[in-house]
Structure formats: C-alpha cells, structure tokens
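Here is a short briefing on a protein model. Look at the structure first, then work through the points by topic.

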Amino acid sequence: MAYQVLREHLCRVRIPSYKRKLPEDTLSQIVKGLKPIQLAILVKPCEEDDWEMDADLRVHVDEFILRLHQLYFKSVIFYDTELFFGFVEASLAGSIESVNLIFRQPAELTPMILERKLAHRLSLFIFYWGARQPPKRSEITFREPMRAVVITRPRKKAFRIYYNQAHPDGNGHLSLVSWYDGDNLGLSKEPLLPPASNVYSNFHGRIFRVPVFHSPPWFWVNYENETSGNSTLDSLTSDESYEMVDDLEMPEVNVTGGRDHRLLQLLAEHMHFEFVYIDTPGRTQGSLTNETFTGGIGLLQNGLGDFFLGDVSLSWERRKAIEFSFFTLADSGAFATHAPRRLNEALAILRPFKADVWPYLILTVIVSGPVFYFIIYIPFRWQTDFKERRMKRTFKRNPYHMVYIREITRLDNKISRRLACEDRERDRKVAKEDELPDNLFYKCIWFTVQLFLKQSCQELYHGYRAKFLMIVYWIAATYVLADVYSAQLTSQFARPAREPPINTLHRLQKAMIQDGYLLFVERESSSLEMLENGTEIFRQLYALMKLQSPDEEGYLIDSVEAGMHLIADGLENKAVLGGRETLYFNIQQYGSKTFQLSQKLYTRYSAVAVQIGCPFLDSLNNVLIHLFEGGILDKMTTAEYETQSRMITKDMKKNHHNNNQNKNQKSHQADPAEMSSQGDETNSPNESQGKTADNAEMKKPQVATTIIQPLNLRMLQGAFIVLIVGYTMAALMLFLELFCHGMNPSLIRVCKNNLHTTIRCLRKSIWKRLRWLLLRIWK
C-alpha cells in the first residue's frame with residue numbers, strides 16, 4: 001500500500017527511457033553501509049522538457065526504491081522541500097536519527113538547513129548530483145554541527161565518498177573516507193563513515209572558546225578592563241552568521257582558579273584540546289528575550305562559543321537553545337539569610353516552657369487550692385450533724401461561766417492541772433476529727449502556691465485524703481515542674497536561645513510579609529527562571545519580590561557573592577536565592593556563624609553547555625561519566641573549597657598584619673587625644689556590623705562550635721525584673737490597704753518618728769560634706 005502511494009507521487013517525475021539509468025546498486029550499497037533507521041529522499045521535481053541535472057542523474061527512482069525495500073529499509077521520498085524539512089524537524093524533535101539522501105546540489109539547500117537549525121549530529125545529509133569532483137572550499141563549507149556526505153562519480157563505475165567530520169579540527173572541510181568500485185571491490189571499508197566516538201576522542205590541539213564570568217567557587221576571574229560588557233559583542237550575538245565566527249575577535253579574560261576551571265583543564269588534558277576564555281556579554285548566564293538568549297548562552301546559541309561552564313543549570317527554556325552534557329553537579333536550590341539572632345534575655349525565665357504550656361500551668365496552680373479545699377470540706381458537708389457540732393464548737397469557744405465555778409470551788413492544783421490537760425486533749429481530738437481549721441479556703445490557696453514555688457509550708461489537715469493529695473502535689477511540683485523548669489532554665493543560660501531559623505519557603509514568605517524581609521536573586525540565572533516560571537509558593541514569592549521595587553529591578557543582583565555582601569552588612573533583613581553549593585561556599589568564606597542556609601528546596605543539575613547538535617557531545621559525556629563514577633568530581637569540589645579557604649585565611653592574615661603595622665606607625669606620630677578619637681572611629685564599624693562590602697570581605701571565618709559563657713548580669717536580668725515587679729506590687733498593695741482601712745495612730749506615730757530621724761541624719765551628712773568641701777577649697 002505504501003509503495004503504491006509512493007508510485008502515485010513519483011508519477012510526476014517523468015524520466016525518458018532512452019537515458020542511462022542511475023547506478024542504483026551503488027547507492028543501495030552505500031545506504032546499506034550507513035545502516036540507517038530511516039531514510040528520507042529528496043528529489044527535485046521536473047517537467048519533461050526541463051532538465052537541470054546531469055544526464056547521469058536522470059534515473060528511474062522506482063528501481064532505487066525497490067532496491068531499498070529489498071534491503072528492508074524504511075524510506076520516504078519527497079519532491080517538496082518544505083515537507084522534507086518538516087520531516088527532518090519532526091525526527092529531531094523526537095530524537096530520532098535520520099539519514100537524508102538529496103539529489104540536488106548542496107549549495108541550494110545548505111543555507112536553508114543552517115537557517116532552520118537542522119544541522120545536528122542526529123541528521124546526516126547525503127548529497128549526490130552526478131558531479132565528478134566535490135565542491136571547492138571557496139564555494140561552500142559544511143561547518144559543525146552539520147554532518148554532510150558528498151558522493152562524486154569520477155568514472156563510470158567508480159564513486160568517491162567525502163565526509164566533513166572525518167577529522168576533529170571543526171573546519172568543515174570534506175575528506176575522502178571511502179570509495180566504491182563497481183567492477184570487483186565494492187565499498188572499500190565498513191562502516192562507511194568513521195564513528196564520532198573515535199573522531200572526537202582526540203582533538204589534536206583544537207582550540208575552543210569558553211565564555212566565562214566571575215562566579216566563585218566555579219570561576220575566579222581577574223578582569224583587567226573593568227567593563228561590564230562589550231558593545232561589539234552585544235551587537236553580534238543577535239543574528240550573527242557562521243561565516244564570521246572565525247574572523248570575530250573576542251575579548252579574552254584571565255581566570256585564576258575555580259572548580260570548573262580545574263574540570264576544564266582535566267577535560268583538555270584527557271581529550272587533547274586547548275581553550276581560551278572570552279568575556280561574557282553582561283557577565284551573566286543569559287535570559288530569554290524574543291526567542292534568543294543573552295549572555296553566555298547567547299554566545300553558544302549563535303555559534304560564538306563552544307563550551308559554557310560555571311553552575312549552568314538545566315531548564316526547558318535553555319534546552320531549546322543549547323544542549324547539556326552529563327551533569328557535573330547534582331545541586332539543589334536554597335536561600336541564605338542572616339544567622340538567627342539571640343532573643344531578648346530578659347524573657348529567659350519564661351522560655352523553659354512554651355507559650356501554650358504556661359496557661360495550663362497557671363491554671364493548674366490556681367485550681368489546685370480550691371480542689372484541696374473541697375477535698376477537706378466535702379466529707380464534713382455530707383455529715384448530718386455538721387451544723388449542730390459547729391454551733392456547739394462556737395458555744396464552747398466562750399466558756400464565761402467557768403470562771404465563776406473555778407472561783408467558788410477550790411480544787412487542788414494537781415487536780416486542776418489534770419483536768420485542764422484532759423480538757424485540752426479532748427478538745428484536740430475533737431478538733432482533729434470533727435472540726436475544720438479556721439479560714440481553710442485561704443489557707444489551702446496559699447498552701448498550694450507555696451508548695452508549687454518550693455517554699456516551706458505546714459500540714460493543714462491530718463485526714464488521709466488530704467495527705468494523699470498533698471503527696472501528689474508535692475511530687476508534681478518538685479520532681480516534675482520544678483526540676484524540668486530548673487534544667488531548662490540552666491540550659492537556656494548556658495546556651496542562650498535564638499530566633500527560629502528561616503529555612504523553608506513558607507517561613508520565608510511569612511518573614512517577607514510580616515517582618516519586611518527582602519529577597520534577592522542573581523540576574524539572568526536559573527533561580528530567577530524558577531521564580532518566574534514556578535507555581536504556587538514560587539509564584540507568590542516572585543510577586544512579593546517584585547513589590548520590593550515596582551519601578552526598577554532592584555531585587556536583581558550581579559552575583560551570589562554580591563548578595564552575601566548585602567546579608568553581611570546586617571542593616572536590613574535580606575535573603576538570597578541561588579544554588580546550595582554556591583551559597584555554602586560563600587557562607588564558609590565569610591563565616592558560618594553569620595549566615596543561615598535553608599533546607600533543600602528543589603533539585604537542580606548543572607552541566608557543561610554546548611551548541612545544539614554538538615558532534616562531540618557523546619565523547620564528552622563518556623569522559624564526564626567516568627569522572628563522576630570515580631568520585632573525581634566530588635573530590636574536585638571539596639579540594640576547591642579547601643584551597644579557597646586557605647587562600648582567604650592567608651589573605652586575611654596578611655591584611656591584618658598590615659593593618660597592625662599601620663596602626664603602630666600612626667600611634668607613634670599621633671597625639672593621645674587624636675588616638676582616642678581614632679579608636680572611637682575604628683570601633684564604630686564593628687558596632688554597626690560592617691557598613692560596606694569591604695568590611696564583609698575582611699571578616700574572619702568563625703568556628704562553628706559555640707563556646708559556653710559564664711553567667712552574667714545580662715543573662716539574669718529577667719530574675720531581677722521579676723523581683724522589682726514583685727516589690728512594686730507589694731508596695732502598691734500596702735498603700736491600697738492603708739488607703740482603704742486607714743492607719744492606726746500608733747503606726748502613724750512610729751512612721752513620723754522614723755521620718756524625723758531619717759531627715760536629721762540626712763541633714764548631718766550633708767552638712768559634713770559641705771564643710772569638708774569648704775575646707776578643701778579654703779586650703
């Protein structure tokens with residue numbers, strides 16, 4: 001059925017029968033040597049009297065198609081160029097390798113192939129138009145990444161096969177890779193074309209151009225000319241043709257170190273190539289504007305660069321413009337803020353228990369007194385003769401008739417003492433068993449308060465229920481609440497509490513809304529793309545970030561290092577979003593106790609960026625996979641951290657030594673007054689925690705361990721505040737009682753005497769002081 005459809009399409013191509021046929025056996029053997037998955041054939045349609053091709057190319061295509069079907073190859077034939085290009089684009093979109101046989105001259109289609117970005121390592125274009133010699137270099141050049149095969153026919157039964165990627169030099173020149181002898185030899189070798197893994201395993205000193213900008217710890221760039229970009233480069237990165245790439249002079253920069261610099265050196269040593277660093281427009285990775293990228297990605301998109309490293313993250317938008325190798329870093333997104341600050345130590349006495357525990361604790365203390373009272377009172381309330389015994393007890397409290405009886409009856413002293421002891425014993429037993437203590441309710445309340453505060457207190461009642469409840473209260477107050485509170489308070493004093501860390505996106509969003517935190521992100525980075533194209537929490541954070549400066553893009557920074565400088569200033573609450581590895585390196589550089597690193601937000605992979613259709617991507621991936629499996633990439637990252645830490649420490653020691661020498665020199669020349677003023681000036685930046693980025697750079701990396709400090713008055717100020725509040729409340733209660741109940745005359749007299757005595761003492765002391773001063777002045 002498919003063959004009938006092809007015959008209907010081919011009926012429009014009319015070939016005279018008297019002409020010589022195409023050597024279909026030769027092309028069939030060449031296609032067989034390529035072993036394609038699918039074959040697309042493009043034939044230029046022509047009328048009966050319109051012949052632009054060579055006489056040897058006037059063939060009957062049906063015979064060639066039959067040969068291909070006999071070899072069980074899938075093939076499709078096109079006579080329309082747009083349909084043919086659409087088929088190639090669909091194959092590339094599906095990552096399907098396609099072999100394309102074109103019966104037209106390459107000069108007609110090569111510009112269209114490059115313009116439509118069909119030049120790819122998965123697409124092989126075979127040109128045959130019956131020529132005896134390949135095209136000259138001045139006429140056409142097949143530049144990478146285009147793969148082109150040109151078949152020529154110098155003699156009747158001889159064919160030569162030229163390939164533009166037979167050598168790794170990348171100049172696009174055609175090289176003879178095989179030939180076909182129709183008499184006896186056939187193809188000279190198989191496979192027909194050299195595999196790319198063999199060709200690009202050794203570049204033989206080929207020079208690559210690598211865009212780079214300062215982004216520690218990946219690249220440390222020393223800019224001799226401090227300019228943020230190049231105007232010529234910016235104008236050429238928009239629509240630059242491939243012919244001007246070699247003639248374009250790119251500004252070179254000096255790279256002093258970095259993890260990716262070491263990686264590139266290792267790749268160059270293993271694959272035998274050389275490289276030069278060129279400056280990146282804008283010194284950024286690049287952002288998408290009008291379907292084209294700026295920065296380093298834009299250089300690769302326009303063929304002006306070969307590699308691009310430096311924490312280049314993978315994204316869907318970037319994959320449309322460039323390709324990525326096997327990942328060189330399995331990183332994750334994160335953000336950094338200032339380290340949690342120490343909380344107010346005046347409230348340290350309240351922090352042993354959380355805020356939701358204190359209400360229940362206070363309620364327990366308040367309720368314990370009434371509960372203790374009811375445990376004692378309710379058994380008496382249940383007795384029927386409780387009121388009678390209470391009235392009888394009240395009546396016995398005033399035995400006024402006993403005085404008269406004792407006067408008229410003269411009993412012996414021993415008998416009277418014995419009777420008195422018996423009465424007291426009987427009264428004690430009755431009071432113990434049948435009577436309630438006076439003011440029992442108030443006594444129960446104060447008893448529970450004293451018990452929970454671990455104060456000395458006496459037993460109120462001797463009943464078994466009351467004793468059992470007192471034991472429960474005593475255990476709860478002493479072994480549970482008091483011991484736990486004391487242990488927690490001791491730990492709070494030994495290691496002061498700090499603010500809860502901002503380590504999640506929801507906490508960051510809450511801090512931006514309530515506390516006015518400012519979020520910054522690197523310009524034209526993958527983190528900015530995540531905020532712009534993200535959903536839910538990322539979209540909300542991006543909206544809050546834009547509200548920081550609605551008129552201008554004040555939330556964009558040049559690098560993560562600049563963002564760490566902003567946090568190190570400590571003037572405002574700031575946060576920087578970026579790669580976790582980059583943030584971690586800068587935190588180690590400026591002091592781990594100054595910053596707080598968040599949790600892992602999302603997974604992000606960094607890789608080597610190359611041009612679309614790069615022919616040596618597979619060879620590069622093989623090397624990177626071996627480095628990853630051997631743990632060399634992780635080792636390089638760790639070694640770079642250690643190297644840069646030693647360099648920073650060495651520089652800081654040197655600067656510290658120079659500063660001390662300068663201070664010593666100035667101290668010999670300056671006056672004491674000037675020295676004191678200079679001391680005040682030098683202390684002011686430290687008190688403000690650094691006003692500029694230079695102060696942040698001079699900060700010494702701090703030790704991660706926390707040193708336990710001895711107790712001081714600042715830590716104990718909460719206890720003194722509570723004591724002062726207690727004294728104040730007691731004084732207020734005293735004055736309130738005096739105001740409400742009045743003052744006893746004897747109390748008034750005592751207060752007046754004390755006041756007069758105090759005033760006389762003050763007068764005498766003041767007079768003595770004045771007299772002593774006058775004598776000193778007179779002498």
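A salt bridge is a side-chain nitrogen of Lys or Arg within 4 Å of a carboxyl oxygen of Asp or Glu. By this rule the count comes to 11 salt bridges. Keep in mind that this is a predicted model. Side chains of opposite charge can pair when their charged atoms come close.

**The salt bridge of Arg-116 and Glu-82**

- Arg-116 pairs with Glu-82 in a salt bridge, and their closest N and O atoms are 2.8 Å apart.
- Arg-116 sits in the loop between α5 (106-115) and β4 (123-127), while Glu-82 sits in helix α4 (residues 81-93), so the pair ties together parts that are 34 residues apart in sequence.
- Arg-116 is partly exposed, because its relative accessibility is 28%, and buried would mean under 20%.
- Glu-82 is also partly exposed, with a relative accessible area of 47%.

**The salt bridge of Arg-604 and Asp-311**

- Arg-604 forms a salt bridge with Asp-311, with the closest N and O atoms 3.4 Å apart.
- This pair links distant parts of the chain, 293 residues apart. Arg-604 is in strand β21 (residues 602-606), and Asp-311 is in the loop between α9 (295-301) and α10 (316-319).
- Arg-604 counts as buried at 6% relative accessibility.
- Asp-311 is buried too, at a relative accessible area of 12%.

**A salt-bridge network**

- Salt bridges that share partners join Glu-82, Glu-89 and Arg-116 into one network.

**The salt bridge of Asp-279 and Arg-283**

- Asp-279 forms a salt bridge with Arg-283, and the closest N and O atoms lie 3.5 Å apart.
- Asp-279 is buried, with a relative accessible area of 7%.
- Arg-283 is buried as well, with a relative accessible area of 14%.

**Two packed helices**

- Two packed helices are described by the angle between their axes and the distance between the axes.
- Helix α17 (residues 505-515) packs with helix α19 (residues 537-548) at an angle of about 25 degrees, and their axes are 11 Å apart.
- Angles under 35 degrees count as roughly parallel, so α17 is roughly parallel to α19.
- The crossing of α17 and α19 is left-handed.
- On the α17 side, the contact residues include Leu-505, Leu-508, Met-512 and Ile-513. On the α19 side, they include Ile-537, Phe-538, Leu-541 and Leu-544.
- By class, the contact of α17 with α19 has nine nonpolar, four polar and no charged residues.

Definitions and conventions: Residues numbered from 1 in each chain as written. Predicted model: local features only at pLDDT ≥ 70, side-chain atom pairs only at ≥ 80, totals over all residues. Heavy atoms only, no water. Axes fitted to C-alpha atoms, helices over the stretch in contact; angles between N-to-C directions. Helix = DSSP H or I, 4+ residues; strand = E, 2+ residues; numbered from the N terminus. Parallel < 35°, antiparallel > 145°, perpendicular 65-115°, else oblique. Left-handed = near helix turned anticlockwise from the far one by under 90°. Contact = heavy atoms within 4.5 Å. Nonpolar A, V, L, I, M, F, W, Y, C, P; charged D, E, K, R; others polar. Buried < 20%, exposed > 50% of the residue type's maximum accessible area, 1.4 Å probe, protein only.
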